[in-house]
Amino acid sequence: MKIHSLRFCAITPEADALVEFLGLGLGMSCVEKLLIKDDPDSAKGGIFHAEDGSWIEVWKDGPQMPAGIMLQVVVEDADAMASYAKQNGLSPRGPMVADGEQLYSLVAPGGLVITFQSKIKDQ
């Protein structure tokens, strides 16, 4: 499978502190800092892009996003990877559609959530 890029996602109640740690503490550039509605001083997360298309995402946990970490693998063809995974005894969940991507998810040994996704054609 051809891997285009990797993304690391941390969902945590300490999202604001982690964004500050990565941005101010380590000097990483946060190109997207999302704010809580009607509270422009309160960050709820951010995205730190790398030059190769990879990035780090940080989000505040909540009812729809439980705390944890996730590895996101951007591939050429998520359906082909799902088929390959199934042939090898894995049970990926999906496909789901989000932000112009089709994605599947698995829980790896040790509890790491892994998604693999590809851009939806014609978008």
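This briefing covers side-chain contacts in the structure above. The model is predicted. A search of the whole structure finds two salt bridges. The count of aromatic pairs comes to one.

**Aromatic pair**
- Tyr 104 and Phe 116 have ring centres 5.4 Å apart.
- Their planes stand at 15°, so the pair is stacked; the cut-off for stacking is under 30 degrees.
- Tyr 104 sits in strand β7, residues 101–107. Phe 116 sits in strand β8, residues 113–119.
- The pair therefore ties together parts that are 12 residues apart in sequence.
- Both Tyr 104 and Phe 116 are buried.

**Salt bridge between Glu 101 and Arg 7**
- The side chains of Glu 101 and Arg 7 meet at 2.9 Å, N to O.
- Glu 101 belongs to strand β7, and Arg 7 to strand β1, residues 3–12. The pair therefore links parts that are 94 residues apart in sequence.
- Glu 101 has a relative accessible area of 7%, so Glu 101 counts as buried.
- Arg 7 is also buried, at 8% relative accessibility.
- The cut-off for buried is under 20%.

**Salt bridge between Lys 60 and Asp 61**
- The side chains of Lys 60 and Asp 61 form a salt bridge at 3.7 Å, N to O.
- Lys 60 is partly exposed, with a relative accessible area of 35%.
- Asp 61 is partly exposed too, at 27%.

Technical notes
Residues are numbered from 1 along each chain as its sequence is written. This is a predicted model: local features need pLDDT of at least 70, side-chain atom pairs count only at pLDDT 80 or more; totals for chains, interfaces and linings use all residues. Side-chain values use heavy atoms; hydrogens and water are left out. Rings of Phe, Tyr and Trp (its six-membered ring) pair if their centres lie within 6.5 Å; planes under 30 degrees apart count as stacked, over 60 as edge-to-face and the rest as tilted. Helices (H or I, at least four residues) and strands (E, at least two) are DSSP runs, numbered from the N terminus. Buried means under 20% relative accessible area, exposed over 50%, partly exposed in between (1.4 Å probe, protein chains only). A salt bridge is a side-chain nitrogen of Lys or Arg within 4 Å of a carboxyl oxygen of Asp or Glu.
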